[in-house]
Amino acid sequence: MKVDIIETDYAFIESYLSGHSSMGADIWGAHDDGGGYYIFRVLAPNANEVFIKGDFTSWENIKMTKNFKYGYFFTKLKAKVGDYYKYVINHEGNFVEKADPFAKAMDKEGDFASIITDDTYDFNDYDFIKNRDKNFDKPLNIYEIHIGSWLRYGNSVNFLDIVDKLVAYVKEMNYTHVEIMPITEYPYYPSWGYQSSGFFATSSRFGSPVDLKKFVDILHQNGIGVILDMVAVHFASDYFGLNHFDGTGMYESIYPDLKYSEWGSNNFDYSKGHVRSFMKSAFSYWIENFHFDGIRIDAVSYMIHYNGNKYRGVHYDNINFIKDLNETIHKAHPDVMLIAEDSSDYPLVTGKVEDGGLGFDYKWDLGWMNDTLRYFKTDSINRIDHQGKINFSMFYFYNERFILPLSHDEVVHLKGAMINKMSGSYEEKFKQLKLLYTYQMTHPGKKLNFMGNEIATFDEWNENASINWDILKFPVHDDFHRFIKDLNKLYKDEKAFFVKDYEGEGFTWKVVDDNINSVFAYERRAGDDRFLVVLNMTNTYKNAYHIYYDEDLEFVEVIDSLSESYGGSRWEKRNIRIEKGNNLVVELWEYEALVLRVRKYES
């Protein structure tokens, strides 16, 4: 949409300043006005002067005109696609060079000039977009990746370098969606994008806006959804970014105890209308222009409470903004998912705003993740005292719509790779990791796993190096990889594992309190489809383990973690019939995960 503010219509500006706009990308920044001219607009209400300089000015300062009523500066200059430019902000005699907050592209790491872009692209994903939804009753198995290190041959990776291999791999492994870690421009590569300086700019490290659009389009054409990871709580403190943008705390609080985050970045101040519009515009821009199917919002607990500290109280400016943001996106894009990475116990995060909730579609279940990993780190003999780490999740599960995440956060900063979190010997670690993933994939809730988890890599994630795919040459890793592929397929194909995720009828405990044996068993259901999951969480053999039933039933094995197909010694698939009045009796080997299809039959 072309917005002509220079001459006539200020309604867009008023809406933006009052916090009611999501079209900031159409108002601010550099816009083609035809005939080789561009209009530049920048909001800087407390600046005395703003200059623009760039390739089109021979890097000489050109003074911009100020609209004093609304506090923005503008000019019209002859320029072209590919030209670099910067703003120079003068506040009380202090001149600071700034990047355009609405630039669609910026210079590479080490500089910060904004770039005039032509991001025109014709998508070919109509069928995918037409049929997408929030997946509440559909399989949602997310493969989280970092663009720069999923598959890396040199010093840099373009979106299009990896897209064909990524598509083939995701389809082979039966994932439904890819989640990409932040790709909004950021100054410091080891921050992984979580301290952004360009909320509308595609990171130059990974390609152009058109490259990213083509990346999403190709995934969509292959039936794969794409989720973008974004940060809304804070921004990078680098001088050329939003920090002290007009010479004052324009985007951040003027109070030091509210301004700074624990990471040294600046917290957004959502009590200000233009800040609310800025972030709503950023979300809308990525969804509308890049066709993302969902946005995962990082560190929501740090928005809910002041700097994430529950004892400082609820940050109601942020709460009101979150509700406003979610309502705005849901109204414009009812088929797009909004996902909260939230470690707080704040209620109704996925509740409707009209019912007092925050309005997210999903929330990461970080409690499940922490409890589960602590359990598997505990050695077998002591798990008798930690059964609550496993069964507690179902006490609160239906309070929210949860995603079960095993994300990048768990395999960095000396936390160890997933397999190194397992207790026991080398062989036992692989058995237990299969046990863990069977538990994750059959537990109610949607799923997320970080790249490398599926091959049982022993390496912590390193943003500067590719995943070590060479380990698949070793049979034990190849067997594990094949197991994950089949487990993902079971989840994706069988509606009992996803249709009733958030309804009580979809899950029933069969064994929940056998602390002595550390065995858990539960059924997943959807209509007449039933599956029994049995997890032997210890290294002890059970010759004849009884699970209560009182029906005429047939149990048919569909997957066993110790099958010879996955490097184990189980050669025959089980098919067991029981009559009403008899328990199911199964033999359980050490650290065995077993999934059985349950069918009724006439005796």
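This is a predicted model: local features need pLDDT of at least 70, side-chain atom pairs count only at pLDDT 80 or more; totals for chains, interfaces and linings use all residues.
**Domains**

I started with the domain assignment of the protein chain. It gives domain 1 as 138–227 + 236–242 + 274–293 + 313–497, and domain 2 as 507–600. I took the centres over C-alpha atoms and found domain 1 and domain 2 separated by 30 Å. For the contact, I counted 30 residues from domain 1 and 33 residues from domain 2.

**Nonpolar cores**

I then looked up the largest nonpolar core, which has 172 residues. Within this core, F40 and F215 touch the most other members. Helix α7, residues 273–290, gives the most to the core, with 9 residues. I also checked where the core sits relative to the domains. Both domain 1 and domain 2 give residues to this core, so it lies between them. Another core lies apart from it and has 18 residues, including V511, I576, I578 and L588.

I listed the contacts of F215, setting aside its neighbours within four places in sequence. They are I147, F159, L160, I162, V163, L166 and I180.

**Helix α4**

Helix α4 covers residues 159–173, 15 residues in total. From its first C-alpha to its last I get 20 Å, close to the 21 Å expected at 1.5 Å a residue. The helix bends by about 30° at K165.

At the start of α4, I found a side-chain oxygen of N158 within 2.7 Å of the backbone nitrogen of L160. At the other end, α4 is followed by N174, with a positive phi near 70°.

Which residues of α4 are buried? I have F159, I162, V163, L166, V167, Y169, V170 and M173. The cover over these buried residues includes the strands β10 (141–145), β11 (177–180) and β13 (198–202). Helices α5 (209–221) and α14 (475–493) are also part of that cover.

**Helix α14**

I went on to α14, as one of the elements covering α4. It has 19 residues and reaches 27 Å from its first C-alpha to its last, close to the 27 Å expected at 1.5 Å a residue. Its buried residues are H477, D479, F480, H481, F483, I484, L487, N488, L490 and Y491.

**I180**

I180 lies in strand β11. Not counting residues up to four places away in sequence, I180 touches I145, I147, L212, F215, I227, L228, D229 and F292. I also looked up its distance to E460, which is 280 residues away along the chain, and the two C-alpha atoms are separated by 18 Å.

**M451**

M451 is found in the loop between β21 (446–450) and α14. Is M451 buried or exposed? At 2% relative accessibility, M451 counts as buried, because the limit for buried is under 20%. Beyond four places in sequence, M451 touches Y143, E144, I145, H146, S149, W150, W461 and I467. M451 and I467 are 16 residues apart in sequence, and I get 7.7 Å between their C-alpha atoms.

**S284**

Back in helix α7, I looked up S284. S284 counts as buried, with 3% relative accessibility. A polar atom of its side chain lies 3.0 Å from the backbone oxygen of K280. Leaving out residues up to four places away in sequence, S284 touches S22, N289 and I329.

**N90**

N90 is buried, with a relative accessible area of 7%. What does the side chain of N90 reach? I found a polar contact with the side chain of E49 at 2.7 Å. The side chain of N90 also reaches the backbone nitrogen of G93 at 2.9 Å.

Leaving aside neighbours within four places in sequence, N90 is in contact with A47, N48, E49 and F95. N90 and A47 are 43 residues apart along the chain, and their C-alpha atoms are separated by 5.8 Å.

Notes
Residues are numbered from 1 along each chain as its sequence is written. Side-chain values use heavy atoms; hydrogens and water are left out. A nonpolar core is a set of buried Ala, Val, Leu, Ile, Met, Phe, Trp, Tyr and Cys residues joined through side-chain atoms within 4.5 Å. Buried means under 20% relative accessible area, exposed over 50%, partly exposed in between (1.4 Å probe, protein chains only). Helices (H or I, at least four residues) and strands (E, at least two) are DSSP runs, numbered from the N terminus. Domain bounds come from an automatic or database domain assignment. Contact means heavy atoms within 4.5 Å. The expected span of a helix is 1.5 Å times one less than its number of residues. The bend at a residue is the angle between axes fitted to the seven residues ending there and the seven starting there. A polar contact is a pair of N or O atoms within 3.5 Å; within protein, one must be able to donate a hydrogen and the other to accept it, and residues adjacent in sequence count only if both atoms are side-chain atoms.
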